[in-house]
Amino acid sequence: MRKAIFPGSFDPITLGHEDIIKRSISLFDEIVIAIGVNAEKKYMFSLEDRKRFIEETFKNEPKVSVITYEGLTIDLCHRIKADFILRGLRNPADFEFEKAIAHTNRRLSKIETVFLLTAARTSYISSSIVRDVIRNGGQYEMLVPDAVRVK
C-alpha cells in the first residue's frame with residue numbers, strides 16, 4: 001500500500017493545495033493531509049477551522065484523510081506507516097527550500113519525498129497571499145476551495 005502524507009499549516013488550504021492533492025490521488029492508495037502545529041507560529045484560522053476546511057473539501061474522496069500533528073514530519077511518517085511525503089512546488093525558491101528538507105528527511109529516515117509541480121493556473125497562490133487578501137477585505141474566494149469562508 002502506497003501511503004503519503006501531505007504536511008503543511010494550510011492556513012488556509014488554497015486551490016494550489018487542492019490541485020496537488022487531487023492530482024496525487026491516482027499515485028497513492030492513501031493520502032493523509034497532516035496539519036502541523038507550531039506553537040511559535042500565529043495562525044489566522046484555528047486548527048479546527050483548518051481541519052474542517054480540508055475535510056469538507058475532500059468529503060467525497062475516500063483516499064484522503066486529515067490529521068493534526070506536532071513534531072517532526074518523519075516521526076509522523078513512522079507512526080502512521082507512511083513511506084512518502086508529498087510536496088507541491090510553485091517556483092525555483094520552493095524547490096531549493098524543499099530539496100534541503102527532503103535530503104535531510106531521507107538521511108534521517110529513508111522516507112522519500114515526492115514533488116508535484118503546481119498547475120500554471122494556481123502557481124501564484126500561497127496561503128500568505130490569501131491571508132493578506134482576507135486581512136485587507138479583498139475577494140479571496142477565487143483563491144481557495146468553496147469550504148474556506150470567513151465568517
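Q: Helices (H or I, at least four residues) and strands (E, at least two) are DSSP runs, numbered from the N terminus; which element gives the largest share of the lining of the largest pocket?

A: Helix H4 does, with eight residues. This is a predicted model, in which local features need pLDDT of at least 70, side-chain atom pairs count only at pLDDT 80 or more, and totals for chains, interfaces and linings use all residues. Residues are numbered from 1 along each chain as its sequence is written, and side-chain values use heavy atoms, with hydrogens and water left out.

Q: What makes a space in this model a pocket rather than a cavity?

A: On a 1 Å grid over the protein atoms alone, a cavity is a set of points where a 1.4 Å probe fits but cannot get out, whereas a pocket is an open set with protein on both sides within 12 Å along at least five of seven lines, and lining residues have an atom within 4 Å of a point. The largest pocket holds about 1,000 Å³ of space, the volume being that filled by probe spheres set on the points, which are joined across faces, edges and corners. Its lining consists of 40 residues, and Pro-7, Gly-8, Arg-87, Phe-97 and Glu-98 are the closest to the centre. Two or more lining residues come from each of strand S1 (3-8), helix H1 (15-24), helix H3 (73-80), strand S4 (84-89), helix H4 (92-109) and helix H5 (127-135).

Q: Why is Ser-24 called buried?

A: Buried means under 20% relative accessible area, exposed over 50%, and partly exposed in between (1.4 Å probe, protein chains only); Ser-24 stands at 0%, and therefore counts as buried. Ser-24 belongs to helix H1 and, leaving aside its neighbours within four places in sequence, is in contact (heavy atoms within 4.5 Å) with Ile-31, Leu-86 and Leu-116.

Q: What places Ile-20 among the buried residues, and which residues does Ile-20 touch?

A: The relative accessible area of Ile-20 is 1%, so this residue is buried. Ile-20, also in helix H1, touches Phe-6, Leu-86, Gly-88, Leu-116, Leu-117 and Thr-118 when residues up to four places away in sequence are not counted.

Q: Phe-10 and Lys-110 have a positive phi without being glycines; how do you know which is buried and which is exposed?

A: Phe-10, with phi near 50°, has a relative accessible area of 2% and is therefore buried, while Lys-110, with phi of about 70°, reaches 66% and so counts as exposed. Phe-10 is found in the loop between S1 and H1, and Lys-110 in the loop between H4 and strand S5 (112-117). Pro-12 also lies in the loop between S1 and H1, where a cis peptide bond, with omega of about 0°, joins Asp-11 to Pro-12.

Q: What makes a group of residues a nonpolar core?

A: The name applies to a set of buried Ala, Val, Leu, Ile, Met, Phe, Trp, Tyr and Cys residues joined through side-chain atoms within 4.5 Å. The largest such core has 27 residues, and Ile-13, Ile-33 and Ile-54 have the most contacts inside it. Strand S2 (30-36) gives this core its largest share, three residues. Beyond its neighbours within four places in sequence, Ile-33 is in contact with residues including Phe-6, Phe-10, Ile-21, Ile-54 and Phe-58. A second, separate core of ten residues includes Ile-5, Leu-76, Cys-77 and Ile-111.
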